[in-house]
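Please look through the structure shown below.

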Amino acid sequence: MPPDEEFLAFWNEWLVQPRKTRPDLKETLHKRWPVKADRIAYYRWSGRRADERLHARQMTNISPEELTEMLATMNYNNEIARGKLVNVLERSVVPWLPVGSDRAAGIYRIVPGAYGLLPDQQEPKTNRELVSMYVLGINTNVQPAIPFRSRKANFSEESTKSNESDDSDSAGFVFHQIGNLQFRGGNPDDLRTYEDAANGTWFPTRFHAVMRFGRNGAANGVFVIYDFYPEDEYLQERRKLDDRDWGYLPSGISDQPISIAKIANKITDLRFGRTFDLIFGQLLDKL
C-alpha cells in the first residue's frame, strides 16, 4: 500500500494543474495505481484528510471583534463571502455577541447561527435560482395580528438571488441570519464584565437576529425577527405557531406583539452598557 506521503504528493500534483485542462481524477488514479486496493486506500486517506481539515476549521478560534468586523464589512451578495460567514456562524466554538439593554433593563446577546428562521414558502414556485435559507426576504407591509391566519408571505426567498427588493422599506428587504437572541436572567447589576455575562444564565426569546443588506451587498441595519416556526419539544419538529401568545420580549418592554424590530444601525454599535430602542412597524429607518 502506498504511504500517506505518496497520496499527498499525488494530490498536490493533480490540484496545481489548471482547472480547465485538469485530467479526470478517477482516470488519473487508475493510471497511477492500477491495483484497486491502492485506489481504495487513497480514497480513505482523502476522506480522513478532509475530515481533519474540516475539524481544524471548525475549531479555529475567532474573537467577538473579528466576527463583528466580518459581519460589518463583508459583501453579502458574494457567494464565497457568505459561505465563509456561515462556516464561522456554525462552528462548534464561536463567540456570542453582546447586544445591550432595552428600556426595561432587559439584557440581551446574540448566539451565532445561520439557520434559525424558516420561510413561509420553503419551495416557492419560481424559475429563479435560490440561495440557501440563511438568506431570506421579509415583507414589512405584512404585520400579522394573528400569525397562523394572516401571515401569508412574510418571508420569501423569491428575490434573494438577485436581491431585487428596494433599499427602502416600502416593500421589504433581504437579510442574512446571524444568530439567536437571548435574554439574561438575574440581577442586571451583576453584569460588569464579559466574564460575568459568560457565567450568567441566559434564556431563549424566540427572536432571531439578522443583518439587513442592500442591493450593493453592504450591511444596512441589525434587526430581530420573531420565529413563527418554533420547534415542538415533544415532536422534535418545527411547526407554525398556533396560538396568540407570540412576539413579546421577556423584559416586558412592549405591550404589543413584535414581529420585527430594528435594534441597531450597525453591528459595531452592539455592546454591553448600551441602551437601545426597539424600532418597529413603519419606523424601521428612524433609529
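Strand β6 (residues 202–213) and strand β7 run antiparallel and are joined by 6 bridges. Strands here are DSSP runs of E with at least two residues, helices are DSSP runs of H or I with at least four residues, and both are numbered from the N terminus. Two strands count as paired if DSSP finds at least two bridges between them. The model is a predicted one, in which local features need pLDDT of at least 70 and side-chain atom pairs count only at pLDDT 80 or more, while totals for chains, interfaces and linings use all residues. Residues are numbered from 1 along each chain as its sequence is written, and side-chain values use heavy atoms, with hydrogens and water left out.

Between β6 and β7 lie 5 residues, and the two strands form a hairpin. In its turn, G217 has a positive phi of about 85 degrees. Within the pairing, F207 stands opposite Y226 of β7. Strand β7 also pairs with strand β10 (residues 260–264): 4 bridges join these two, and they run antiparallel. Here I225 faces I260 of β10 as its opposite residue.

Helix α4 comprises residues 64–73, and P64, L67, T68 and L71 are buried in it. Why do these residues lie on the same side of α4? They cover an arc of only 100 degrees around the axis, and that puts them on the same side of the helix. The arc is taken from the directions that run from the helix axis to the C-beta atoms. On the face turned away from this buried side, α4 carries the exposed residues E65 and T73. E69 is also part of α4, and its 45% relative accessibility makes E69 partly exposed. In sequence E69 and T268 are 199 residues apart, while in space their C-alpha atoms are 7.6 Å apart.

The next topic is aromatic rings. Rings of Phe, Tyr and Trp (for Trp, its six-membered ring) pair if their centres lie within 6.5 Å; planes under 30 degrees apart count as stacked, over 60 as edge-to-face and the rest as tilted. By this rule there are 21 aromatic pairs. One of them is the tilted pair of F7 and W45, with 5.9 Å from centre to centre and 40 degrees between the planes. F7 belongs to helix α1 (residues 4–15) and W45 to helix α3 (residues 36–59), so this pair ties together parts that are 38 residues apart in sequence. F7 is buried at a relative accessible area of 1%, and W45 is buried at 7%. Another pair is that of Y226 and F228, whose ring centres are 5.3 Å apart; the planes stand at 75 degrees, so the pair is edge-to-face. Y226 is buried with a relative accessible area of 3%, and F228 is buried with 1% relative accessibility. F7 and W45 also belong to one aromatic cluster, together with F10, W33, Y42 and Y43.

Some rings have a charge over them, a term used if NZ of Lys or CZ of Arg is within 6 Å of the ring centre and within 35 degrees of the ring normal. The charged end of R32 sits over the ring of W33, at 5.3 Å from its centre. R212 lies over the face of F173, 5.2 Å from the ring centre.

Side chains of opposite charge can pair when their charged atoms come close. A salt bridge is a side-chain nitrogen of Lys or Arg within 4 Å of a carboxyl oxygen of Asp or Glu, and by this rule the count is 2. D4 lies in α1 and R48 in α3, so the pair ties together parts that are 44 residues apart in sequence. D4 is partly exposed at 39% relative accessibility, and R48 is partly exposed at 43%. R103 and D277 also form a salt bridge, at 2.8 Å from N to O. R103 lies in the loop between β1 (97–101) and β2 (107–112), and D277 in the loop between β10 and β11 (279–280), so this pair ties together parts that are 174 residues apart in sequence. R103 counts as exposed at 56% relative accessibility, whereas D277 counts as partly exposed at 29%.

Technical notes: Buried < 20%, exposed > 50% of the residue type's maximum accessible area, 1.4 Å probe, protein only.
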